Amino acid sequence: MMHVLTGCATTSGTAGDVKTGPQLASAQDAPKEVPYQGIKLDVIIPVFSPGLSDKAADYEEEGIWPELRRAEANRFAYKLKTALDETGKFGAVRVAPNSTASGDLYTVGEILESTGQEVKFRLNVVDASGKQWLNTTIDHEVNEGFYKNPRNDGKDPYDPAFAEAAQAIVEALLKQQQRELAQLQNIADLRFAASFNEQAFMEHLDSSGRQIKLVSMPSDSDPMFERVKSVQVREQLFIDHLQQNYSAFSQQMDDSYLAWQEASAAEMQLRKEANTKSMWKMIGGAVLIGAAVAAATSGNSRNPNFGRDIATVAGGIGGAVLLTSGFKSREEAKFHQDALNELGESINLEMAPQVLSYEEESVELTGDINEQYRQWRAFLNRMYQLEATPDVQL
């Protein structure tokens with residue numbers, strides 16, 4: 001005969017306390033963050049300043065690879081755009097060739113340092129009225145274990161810096177009054193209009209002080225204002241189209257750039273250790289680079305190809321020196337360096353010629369991004385003047 005023994009067990013709660021399965025809507029945790037309900041400003045991010053000095057002789061002393069910096073100028077601007085988009089607190093966020101594009105808020109960046117181990121850039125945020133929201137320096141040091149963690153493969157170690165920058169801009173946004181933000185959008189529209197017809201639209205703005213103030217708005221039925229608003233949409237569509245180019249540029253440099261970051265960080269660490277031991281003056285930079293390669297090929301890196309890729313960064317610290325001996329795959333290392341050099345030859349991205357139309361007129365745009373943007377603005381200005389004075393031959 002089998003006897004089933006039963007007894008009482010003391011628990012800290014009842015069966016009703018066991019929370020399994022889908023929970024009632026009322027019992028679910030509230031969202032951590034309430035969606036932003038305020039006015040969403042359009043943001044312009046001009047391509048970053050690469051932070052290069054006027055004297056090329058200073059590059060090696062400052063540990064700057066100029067071609068890489070120029071490529072980073074485009075990449076950093078697009079990285080900041082992505083970070084601001086992810087906050088959900090802004091309208092259209094656009095990378096632009098320069099700060100003359102039409103927008104409500106401008107975030108102007110300058111690269112101060114980029115070594116793979118540390119990234120630092122200055123950020124100046126100014127709205128369309130000229131009011132400065134933020135003037136700060138973002139300084140991020142990559143965690144020592146980042147490159148050793150296989151889960152970080154393919155990730156940019158600089159991403160936290162752009163998330164920090166975006167959060168700082170959001171905090172500045174939340175300090176602004178909604179009424180002022182609404183006026184700011186009107187100021188931005190009128191400033192754009194005044195770039196085509198100063199006499200007609202500057203009377204609505206007071207620019208006598210340090211900040212531009214809104215005096216009045218044109219009538220909703222003002223034909224000149226309606227015309228310039230139509231032109232503004234065309235300009236914004238053109239800038240929207242450019243985002244594909246900035247995105248493609250950033251993706252194109254991913255492989256070589258991530259290899260450079262990791263190798264450069266390894267060299268910086270070895271240099272730091274050498275300085276600590278007072279060895280730097282004795283052994284010199286070339287030996288340190290060789291030591292970095294030896295450390296990489298010993299299997300300390302999360303990347304099995306790191307040993308062959310590290311030669312890429314021989315130019316990243318100390319003047320773009322490409323190691324040409326002692327490596328089985330120096331051709332591949334040269335490929336990475338050449339790729340970054342090519343991307344950084346010009347701050348402005350190359351674009352294929354294109355033909356764009358407005359109303360019944362067309363224009364062919366040629367040259368790099370900066371040049372095509374200039375040509376498009378000139379074309380829009382001509383079309384505005386033609387509509388404003390249809391009987392005048394332009």
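Asp189 is buried, its relative accessible area being 15%, where buried stands for under 20% relative accessible area, exposed for over 50% and partly exposed for the range in between, with a 1.4 Å probe and protein chains only. The side chain of Asp189 meets that of Lys229 in a salt bridge with an N to O distance of 3.0 Å, a salt bridge being a side-chain nitrogen of Lys or Arg within 4 Å of a carboxyl oxygen of Asp or Glu. This pair links distant parts of the chain, with Lys229 in helix H6 (residues 223–252) and Asp189 in helix H4 (residues 178–194), 40 residues apart. Lys229 is partly exposed, with a relative accessible area of 31%.

The model is predicted, so that local features need pLDDT of at least 70 and side-chain atom pairs count only at pLDDT 80 or more, whereas totals for chains, interfaces and linings use all residues. Residues are numbered from 1 along each chain as its sequence is written, and side-chain values use heavy atoms, with hydrogens and water left out.

A second salt bridge brings Asp156 and Arg75 together, their closest N and O atoms lying 3.0 Å apart. Here too distant parts of the chain are linked, since Asp156 belongs to the loop between E5 and H3 and Arg75 to helix H2, 81 residues apart. Asp156 counts as buried at 6% relative accessibility, and Arg75 is buried with a relative accessible area of 2%.

The secondary structure comes to eleven helices and nine strands, which are DSSP runs numbered from the N terminus (helices H or I of at least four residues, strands E of at least two). Five strands form an open sheet in the order E2-E1-E3-E4-E5, with mixed pairing, and two strands pair if DSSP finds at least two bridges between them. Strand E2 (93–96) and strand E5 (132–141) stand at the edges with a single partner strand each, so one side of each is left without a neighbour in the sheet. Within the sheet, strand E1 (residues 43–46) runs parallel to strand E3 (residues 105–114) and is joined to E3 by two bridges; Ile44 has Tyr106 as its bridge partner in E3.

Turning to the interior, buried residues make up 43% of the 394 residues in the chain. Phe90 touches Lys40, Leu41, Val43, Leu84, Leu105, Ile169, Val170 and Leu173, leaving aside residues up to four places away in sequence, where contact means heavy atoms within 4.5 Å.
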